[in-house]
Amino acid sequence: TLNDIEFACSFSNGLASVQNVDGQWGFINEKGEITIKCQYARVSKFNDKHAIVFESDMYGDYAKLIDTEGKVVADLKDKFVGFGLPSEGKVAVYDGVGWGFYNYKGEKVISINSSWSSVTNFKNGYASFKKEGDWGVIDNKGEVVVRSRYDNPLVFDNGMAPFIEDQMVGFIDVEGTKVIRPTFNEI
């Protein structure tokens with residue numbers, strides 16, 4: 001019941017994660033009704049109408065991907081140790097060595113790349129990856145469209161992404177061409 005709720009997070013996709021007095025997590029809707037009961041050890045926020053939830057047993061935490069109805073759409077048990085937020089039909093997964101992407105059915109769509117030490121979620125059809133300390137960009141197929149040479153993750157909006165060079169900000173296009181040279185102090 002709502003009386004048992006001890007902690008609540010902000011809303012995303014119409015749901016907010018809540019923790020009950022027993023330390024279990026679930027979700028409420030914008031009317032304050034519990035729509036997914038408090039039964040998880042940990043949860044992510046809902047993004048792209050999906051969330052990563054973790055169930056615990058005596059052997060550890062196990063990840064599952066659920067939809068806004070609370071239905072498990074992918075069981076990721078024993079496969080990965082790290083996750084990104086669901087976005088654009090994909091969720092970033094980390095196997096302890098490298099990062100890749102799975103779809104919302106639990107199927108591999110971009111293979112684990114052991115040279116990627118970090119990735120961002122997809123936005124506008126692109127995600128950034130970090131390789132040997134520098135950031136680059138992949139497309140929806142996992143093809144490198146901007147090689148890793150930037151100090152910051154590149155997030156494209158309206159076909160351009162800000163980049164940092166010598167502590168100044170400029171903008172590149174999806175081909176990696178510097179469209180606006182680095183002349184800004186911040187964005």
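Me: Rings of Phe, Tyr and Trp (its six-membered ring) pair if their centres lie within 6.5 Å; planes under 30 degrees apart count as stacked, over 60 as edge-to-face, and the rest as tilted. Which residues do ring pairs link into a cluster here?

Reply: Phe-54, Phe-80, Phe-83 and Tyr-102. This is a predicted model, where local features need pLDDT of at least 70, side-chain atom pairs count only at pLDDT 80 or more, and totals for chains, interfaces and linings use all residues. Residues are numbered from 1 along each chain as its sequence is written, and side-chain values use heavy atoms, with hydrogens and water left out.

Me: How many aromatic pairs does the ring rule give?

Reply: The count is 11. Take Phe-101 and Phe-122: their ring centres are 4.9 Å apart and their planes stand at 70 degrees. The distance is within 6.5 Å and the angle is over 60, so this pair is edge-to-face.

Me: What makes the pair of Phe-101 and Phe-122 tie together separate parts of the sequence?

Reply: Phe-101 lies in strand E11 (residues 99-103). Phe-122 lies in the loop between strand E13 (116-119) and strand E14 (126-131). The pair therefore joins parts that are 21 residues apart in sequence. Strands here are DSSP runs of at least two residues, numbered from the N terminus. Both Phe-101 and Phe-122 are buried.

Me: What sits over the ring of Phe-122?

Reply: The charged end of Lys-90, 4.5 Å from the ring centre. The rule asks for NZ of Lys or CZ of Arg within 6 Å of the centre and within 35 degrees of the ring normal. Arg-42 lies over the face of Phe-54, at 3.9 Å from the ring centre.

Me: Is Asn-29 buried or exposed, and how do you know?

Reply: The relative accessible area of Asn-29 is 16%. Buried means under 20%, exposed over 50%, and partly exposed in between (1.4 Å probe, protein chains only). So Asn-29 is buried. Asn-29 belongs to strand E3 (residues 25-29).

Me: Which residues is Asn-29 in contact with, leaving aside its neighbours within four places in sequence?

Reply: Phe-11, Gly-14, Leu-15 and Thr-35. Contact means heavy atoms within 4.5 Å.

Me: Why is one side of E13 left without a neighbour in the sheet?

Reply: Four strands form an open antiparallel sheet, ordered E13-E14-E15-E16. E13 and strand E16 (144-150) stand at the edges, each with a single partner strand, so one side of each has no neighbour in the sheet. Strands pair if DSSP finds at least two bridges between them. E13 and E14 are joined by 3 bridges.
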